[in-house]
Amino acid sequence: KSKNNRNMIISNMKKTNMTNKEIAKTLNISTRTVHRVLNQNNHQDQKFVLELKNQNIIKKSQLISMRN
């Protein structure tokens, strides 16, 4: 739970345009940890977008098959 909380804090700090180094210094963690958390969040966002696109493709193909 505390890791999820820390990850959310890191993401929110990044949204305020803080650098990874500034975030790491503020939270007393390594810049590598900040980098890893931000990359993990980015990967999850990309995966979510891909899932949405796939769902859209399925819906479109179902509509096309219904027309035929």
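Reader: Which residues does alanine 24 touch, not counting residues up to four places away in sequence?

Author: Alanine 24 touches Ile29, Ser30, Thr31 and Val34, with residues up to four places away in sequence left out. A contact here means heavy atoms within 4.5 Å. This is a predicted model, where local features need pLDDT of at least 70, side-chain atom pairs count only at pLDDT 80 or more, and totals for chains, interfaces and linings use all residues. Residues are numbered from 1 along each chain as its sequence is written, and side-chain values use heavy atoms, with hydrogens and water left out.

Reader: Which residues make up the largest nonpolar core?

Author: Ile10, Met13, Ile23, Ala24, Val34, Val37 and Leu38 make it up, 7 residues in all. A nonpolar core is a set of buried Ala, Val, Leu, Ile, Met, Phe, Trp, Tyr and Cys residues joined through side-chain atoms within 4.5 Å. Buried means under 20% relative accessible area, exposed over 50%, and partly exposed in between (1.4 Å probe, protein chains only).

Reader: Which elements give two or more residues to this core?

Author: Helix H1 (2-15), helix H2 (20-27) and helix H3 (31-67) do. H3 gives the most, with 3 residues. Helices (H or I, at least four residues) and strands (E, at least two) are DSSP runs, numbered from the N terminus.

Reader: Let's stay with H2. Which of its residues are buried?

Author: Asn20, Ile23 and Ala24 are the buried residues of H2. Seen down the axis of H2, they fall within an arc of 100 degrees, so they line one face of the helix. The arc is that of the directions from the helix axis to the C-beta atoms.

Reader: And what is exposed on the other side of H2?

Author: Lys21, Lys25 and Thr26 are exposed there.

Reader: What about phi just after H2?

Author: Asparagine 28 takes a positive phi of about 60 degrees there. Asparagine 28 lies in the loop between H2 and H3. Most residues other than glycine have a negative phi.

Reader: Is asparagine 28 buried or exposed?

Author: Asparagine 28 counts as exposed, because its relative accessibility is 70%.

Reader: Now the other loop. What is phi of asparagine 17?

Author: Phi of asparagine 17 is near 70 degrees, a positive value in a residue other than glycine. Asparagine 17 lies in the loop between H1 and H2. At 71% relative accessibility, asparagine 17 counts as exposed.

Reader: New topic: serine 11. Buried or exposed?

Author: Serine 11 counts as buried, because its relative accessibility is 16%. Serine 11 is found in helix H1.

Reader: What does serine 11 touch, not counting residues up to four places away in sequence?

Author: Serine 11 touches Leu38 and Asn41. Leu38 is also one of the core residues.
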